[in-house]
Amino acid sequence: MQDIRRTLVAKLINDPAEFIGKTVDVKGWVRSRRGNKYVQFVALNDGSSVKSLQIVFDLAKFSEEQLRPVTTGASIHVQGLLVESQGKGQNVEIQAEELQVYGTADPETYPLQKKGHSLEFLREKAHLRPRTNYFSAVLRIRHALAYAIHKFFNDKGFYYFHTPLITASDAEGAGAQFQVTTLPLNEVPVDKEGNVDYSKDFFGKMASLTVSGQLEGELGATALGCIYTFGPTFRAENSNTPRHLSEFWMIEPEMAFYEIEDNMDLAEEFIKYCISYALEHCKDDIEFLAEHFDKELPERLKFVVENDFVRLPYTEGIRILEESGKKFEFPVYWGVDLASEHERYLVEEHFKKPVILTDYPKEIKAFYMKLNDDGKTVRAMDVLFPKIGEIIGGSQREENLDKLQGRINEIGIEGMDWYLDTRRFGTVPHSGFGLGFERLVLFVTGMQNIRDVIPFPRYPKNCEY
């Protein structure tokens with residue numbers, strides 16, 4: 001092998017001009033091999049592109065013994081001349097001069113052969129599925145969206161704020177948390193009343209994995225002005241729907257001096273920015289996924305970017321649903337927590353564009369949301385998308401100490417004195433929202449199941465790898 005710097009497949013395919021007629025060095029995994037007794041064609045992919053690079057092996061130069069280990073799934077190192085391709089399906093190809101096989105893959109046992117595989121089958125092979133075109137495309141889009149999120153907030157002067165993964169508070173008040181403990185589970189210590197004695201636990205109190213970084217994020221916002229979190233969150237809901245995971249990533253900006261209108265403006269600008277970034281930087285991957293899964297995907301993404309979101313009070317939304325004449329699986333009435341079918345009707349059938357639903361009944365929303373003057377509704381905002389339903393949930397936070405204390409007492413949450421200090425000392429109007437990262441990836445990729453947009457999904461009765 002010559003001492004040549006390796007070039008990524010994506011570079012050779014998308015920007016070949018400077019390499020045509022030169023010897024190049026590539027490394028990757030074999031996607032397929034075909035040919036005849038004179039020449040063999042190998043599709044090589046290194047993860048940098050959904051497209052594979054064709055390697056041409058002239059059998060006058062390479063023996064069958066040399067090429068025998070070059071099977072689907074094998075990893076190889078090739079040097080050769082990059083030339084314009086005369087065949088269909090690719091613009092350039094490499095005429096191989098040198099070959100090194102790094103690792104073989106027995107065709108009898110390697111599970112990802114060239115034939116198509118169902119998403120259900122690939123879900124069972126999550127440790128190998130990133131090697132497929134489907135999932136490498138999804139994961140490249142996931143990376144691009146993560147980068148876009150950091151870039152968006154950094155460019156707007158926000159600070160990336162790390163909130164704890166282990167916490168003693170339940171931000172949602174729902175109790176669906178994974179407990180963290182060092183107590184011996186076969187002999188849990190108890191106090192005189194027979195309750196678990198957490199004084200003997202590692203933290204001296206009950207602790208759990210976080211369901212949200214919002215409450216701690218508010219602490220950052222009331223000091224730094226505008227912050228955002230981007231980290232894993234955990235919910236122990238026994239839910240097996242295509243929209244729920246037990247471990248997922250959340251983006252949660254919190255902004256001091258933001259009213260609800262400012263919050264809605266930021267949410268719309270933010271999500272349009274992320275989708276625009278993916279459209280610009282992930283064109284090949286989006287087109288591939290559209291071809292194989294959802295032909296309407298590119299146009300739906302562009303439609304979201306190019307149209308203003310409808311801003312609709314919850315009460316008006318209920319009226320539209322009640323008068324729709326549509327038979328919903330779940331009943332519609334004022335005070336109900338809308339189901340996905342209700343949200344999607346408003347977005348996909350009535351308005352035919354994204355909707356920001358506002359002013360929900362206080363009983364179905366979290367304790368920290370600011371109470372409206374009517375005493376019945378709160379300054380909540382949910383962004384509803386086609387195919388997804390709710391993709392962002394947020395609100396203006398209650399900055400009035402007495403009102404917030406009253407809601408905490410009403411619900412019976414304990415240990416919130418630290419949180420109330422932000423209202424005791426220099427309280428300000430402030431707002432924030434949460435975006436489930438996997439739901440954004442789900443929308444941008446057009447995939448149908450949220451388990452297919454995260455490398456290693458966690459859900460009830462499944463914790464592989």
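Strands are DSSP runs of E of at least two residues, numbered from the N terminus. On that basis, D46 lies in the loop that joins strand 2 (39-45) to strand 3 (53-58). The model described here is predicted. This briefing covers two residues of that loop, D46 and S49, and then two helix pairs, helix 6 with helix 13 and helix 11 with helix 12.

**Residue D46**

- D46 has a relative accessibility of 10% and therefore counts as buried, the cut-off being under 20%.
- The side chain of D46 reaches the backbone nitrogen of V9 at 2.9 Å.
- A polar contact also links the side chain of D46 with the side chain of S48, at 2.6 Å.
- When residues up to four places away in sequence are not counted, D46 touches R6, L8, V9, K27, G28 and W29.

**Residue S49**

- S49 is likewise found in the loop between strand 2 and strand 3.
- With a relative accessibility of 5%, S49 counts as buried.
- The side chain of S49 reaches the backbone nitrogen of K51 at 3.0 Å.
- Leaving aside residues up to four places away in sequence, S49 touches A10 and R140.
- S49 and N133 are separated by 84 residues in sequence, while their C-alpha atoms are 8.8 Å apart in space.

**Helix 6 and helix 13**

- Helix 6 (residues 260-281) packs with helix 13 (residues 437-445) at an angle of about 45°, and their axes are 11 Å apart.
- Because of this angle, helix 6 is oblique to helix 13.
- The crossing of these two helices, helix 6 and helix 13, is right-handed.
- On the helix 6 side, the contact involves I271, C274, I275 and A278, which meet L440, F443 and V444 of helix 13.
- The residues in this contact of helix 6 with helix 13 comprise 7 nonpolar, no polar and no charged.

**Helix 11 and helix 12**

- The axes of helix 11 (residues 401-411) and helix 12 (residues 417-424) cross at roughly 160° and come within 9 Å.
- Helix 11 is therefore roughly antiparallel to helix 12, a term applied to angles over 145 degrees.
- The crossing of helix 11 with helix 12 is right-handed.
- L401, L404, Q405 and I408 of helix 11 meet Y419, L420, R423 and R424 of helix 12.
- By class, the contact of helix 11 with helix 12 consists of 5 nonpolar, 1 polar and 2 charged residues.

Methods
Residues numbered from 1 in each chain as written. Predicted model: local features only at pLDDT ≥ 70, side-chain atom pairs only at ≥ 80, totals over all residues. Heavy atoms only, no water. Axes fitted to C-alpha atoms, helices over the stretch in contact; angles between N-to-C directions. Helix = DSSP H or I, 4+ residues; strand = E, 2+ residues; numbered from the N terminus. Parallel < 35°, antiparallel > 145°, perpendicular 65-115°, else oblique. Left-handed = near helix turned anticlockwise from the far one by under 90°. Contact = heavy atoms within 4.5 Å. Nonpolar A, V, L, I, M, F, W, Y, C, P; charged D, E, K, R; others polar. Buried < 20%, exposed > 50% of the residue type's maximum accessible area, 1.4 Å probe, protein only. Polar contact = N/O pair within 3.5 Å; in protein donor to acceptor, adjacent residues only side chain to side chain.
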